[in-house]
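Subject: Structure for you to look at

Hello,

Here is the structure I said I would pass on. My notes follow below it.

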Amino acid sequence: MAAPPSAVVVDVGPDRYPECLAVLRAGFATVVDDYGITAENTPSNPAFWGEDAVASVVGRGFSLFAVEDAAGIAGCAFAGPSRSRPGTWGLRHLAVLPGARHRGYGEALVAEAARRARGDGAHTLAIGIVAENTALGAWYHRLGFTTVDRTRYDGLVFTVEHLELSLR
């Protein structure tokens, strides 16, 4: 799905990292309580990110892009090639502002990640989500992702569901 006519997908540079950080914090904050996620037990969750976190993810080889509407950045995500799985790109930390949800912005971000991955020759787009968030899992399944596995990692208070989208 393309971004709605009132919105466009844009690349995000360092000058707009603070705006994306605010979107990431707000987007992830809506579910942390539901799954027992705190800054103490999961400091890597974007709801708790510090000022340098966005630049850190970009520094690991992920591009940052956003959906922008008349009010500014409404959603953002990171995507980039996997270091360990040739032909696979990772989609990370997709977030949409709570007040901007259900407008197709998340779908537009997934479509942009898939477009970039295909352009790089990738055959798979992968993401890991909180498995207990069944509504989110169902949303990714509606977009064509399939569940590859569910893993409980030491130190996390939730199970990670690994999903993949075939780009072929």
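Helices are DSSP runs of H or I with at least four residues, strands are runs of E with at least two, and both are numbered from the N terminus. The expected span of a helix is 1.5 Å times one less than its number of residues. This is a predicted model, in which local features need pLDDT of at least 70 and side-chain atom pairs pLDDT 80 or more, while totals for chains, interfaces and linings use all residues. Residues are numbered from 1 along each chain, and side-chain values use heavy atoms, without hydrogens or water.

Helix α1 (residues 17-29) has 13 residues and reaches 18 Å between its first and last C-alpha, close to the 18 Å expected. Its buried residues (under 20% relative accessible area, 1.4 Å probe, protein chains only) include Tyr 17, Leu 24 and Phe 28.

Tyr 140 and Phe 145 are both buried. Rings of Phe, Tyr and Trp (its six-membered ring) pair if their centres lie within 6.5 Å, and planes under 30 degrees apart count as stacked, over 60 as edge-to-face and the rest as tilted. The centres of Tyr 140 and Phe 145 are 5.1 Å apart with planes at 80°, so this pair is edge-to-face.

Regards

Conventions. Buried < 20%, exposed > 50% of the residue type's maximum accessible area, 1.4 Å probe, protein only.
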